[in-house]
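The sequence and structure come first.

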Amino acid sequence: MSTEDVVSESNVDDRLARLFPDRETSVDSAPSAFAAPPVTIEPVAPAAAAPPPPAPSREPLIYADVADGADLLGAGEATRPLAELALAGDAGTPFLIGFVGPSGSGASFALRRWVDNVEALAAAAGQTAGSPFVSKIVVASIDGAAISGDPVCAIASAAFVALERDRDGVNYAALADEAANAGANPLRAAAAAAERHDDLVRRLESERAARDDVEAKRARLTDALLYETPGSRVDAFIRANRNGIESALRRFDLADGDATLNFRHLVREFDDAGPASRVSVALRAIWGYRGQIAWLAVAVILFALAFAVGEARSPRTGDGLRSLAAFLAPVADWLSAHQGWLLAASKALSVLAALALLLVLWRALSFAGLLFRGQRLLGYDLRERRRDLEASAARLNQRVAALDAQTEAAARHAEAATKRAGGAKRSERAPGPAFADGPEAPRQAARAFFVELGRLMSGGATGIATPQRIVFAFDNLEALPTGEAAHLLEAAHALLGPGCVGAAACDPAGFARLDGPEAARRRLEKLFPIAFNVASLAPADSGRFVARLIGSNASGRPVKLVDAGPSPIAQALTPSDTALLAAMAPLAGGTPRAVKRFLNACRAARTSGAPRSAVALMLATRLGGDREAVTAMRQALAGPGLILPDPVGPPALLLALQAARGANDGTLSLDDARAAWATAERYSLPD
């Protein structure tokens, strides 16, 4: 038992002791300060029951090929540097990251883990002061299987939908609308905006009318239930007890006209009155109606007669009569002789008077009971109907508020569209010829959308919220023919502008079948300034992967903390780093594109555990495209010894090796070189 439980039980005992002073003290309560110290005998603790053995974990009968399974190859950790590159505030955009590998190697899985890292890093950056990474991002996912038609329009549609979608309560719908209007026919856009505004106004008026109708029903709910709602509880009660109600009202002289209608009036007034007023109504039913007054008069007369007969039996009455006049003496004698009759008459008159009073009370109680019963049933109906009407009113208020906001936004949009169309005078023209909306118009509008989006994200937006990064994820390209997949990536490469970053999972073999190996490699190098070789994640021994897969209970997406603070990825290059990379550049390639890819890969590999000079050497060797240099380096890595020997290769390789050694205290160990080679394989296209 925890300390809070003990304190809670003590407080309960204290409250019970104050409420019930004679209550016996609980066994667990503290003894009195004057009581003798108790002798405690600690019982032998019973043997703790052995916990039930854990149920043996059962392996699935079928291992599904899904992208959200357990991360057995460490793709999440391996793609973290690329997520940091995508969100680095100083990163030059746009660029595409290629998750390349043969079919089934886990390219889609690595892409999903990269997207998870991007979203987690953005969330952490928003909570980290001075983070080098951006936090306001938009993620647009594009599934190759869902693309039909022009890929340019598909990419633009995905971007538009992603900008409209709420992320942590924030969306960039205004930015999407502003960019979308850039490529549209201004006259047609103004007409469409006006029609949308008019449609929203009509819907708003309809919802307001429905809300007002509900409010009117709430205001006159009592009358509606009493007079206009057949089948309600109070209506069923009145119909079932019509005869009793008519007779009760007739007794009170209230049956003029329709008795049930009169009773409904009485129930309404009775319900409108407060509790005290209802009690007073029940009391006034004793004397407040003409039928009751007559019976009360009868009771009074009977009581008066009973009193008079009782007085006639008194000896004083006979003496008084005799003293008044001599002719009254016989009357006095008769009264004296018939005392028994007078006593019986007095009692009978008293009983009749009491019965008259009881009849008055019974009539009043039965009448009040009918009113209370009707009011209670009316209350049941009122609570049910009021709850339904309040729920309807709440829903309608929400709709009205949402439509009101949409209408205001549509009005602003229509006004802006009218201004873009040249004002009111020009908007009176026809929207334009039909050929203006030909097959090429959507494609041109999509391209204009991205051009305007890039301009707005580069600082051209005034008064419009913009994200810091738009992240595109292209997946399931295998569902497209190879030519269409290549067309999609080419379109993405051409469309993405400032502030945009993309990543795609693809199989280089399809491009090789389409263009040939060399042309396919050149195309992939153009499309992907940074490549991630997914095959580098696979273990060398498939048996070890089988053991991991069968014995793993890992979750598909484990929750982990993400550090958005300073990172080696975002650190500036030192003069020595610049000199080293400049020395490696001749080996990395002779074109500006090749040098950029080399620098990008070196930036992504800064988190590697291998020496940076060795990593730069291996990246320059693999990315340079010189097969002789690659073969010579592999032979050197396969050799014996502890130090990397001089490879038998081109002079550019030897000069780069000398620069790497100079940056690493004059030598490179074979283990460091092999680790650097593995890192270079990860950030280069497959052979």
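At 22% relative accessibility, F160 counts as partly exposed, a class between buried (under 20% relative accessible area) and exposed (over 50%), computed with a 1.4 Å probe on protein chains only. This is a predicted model, in which local features need pLDDT of at least 70, side-chain atom pairs count only at pLDDT 80 or more, and totals for chains, interfaces and linings use all residues. Residues are numbered from 1 along each chain as its sequence is written, and side-chain values use heavy atoms, leaving out hydrogens and water.

**Aromatic pairs**
- Rings of Phe, Tyr and Trp (its six-membered ring) pair if their centres lie within 6.5 Å; planes under 30 degrees apart are stacked, over 60 edge-to-face, and the rest tilted.
- By this rule there are 7 aromatic pairs.

**F99 and W114**
- F99 and W114 make a tilted pair, with 6.1 Å between centres and 55° between planes.
- F99 belongs to strand β1 (residues 95-100) and W114 to helix α4 (residues 107-126), so the pair ties together parts 15 residues apart in sequence.
- Helices (H or I, at least four residues) and strands (E, at least two) are DSSP runs, numbered from the N terminus.
- F99 is buried at 0% relative accessibility, and W114 is buried at 0%.

**F160 and F449**
- The pair of F160 and F449 is tilted, at 6.3 Å centre to centre and 55° between the planes.
- This pair links distant parts of the chain, F160 in helix α5 (residues 151-164) and F449 in helix α18 (residues 440-460), 289 residues apart.
- F449 is buried, with a relative accessible area of 4%.
- Ring pairs join F160, F449, F450, F472 and F474 into a cluster.
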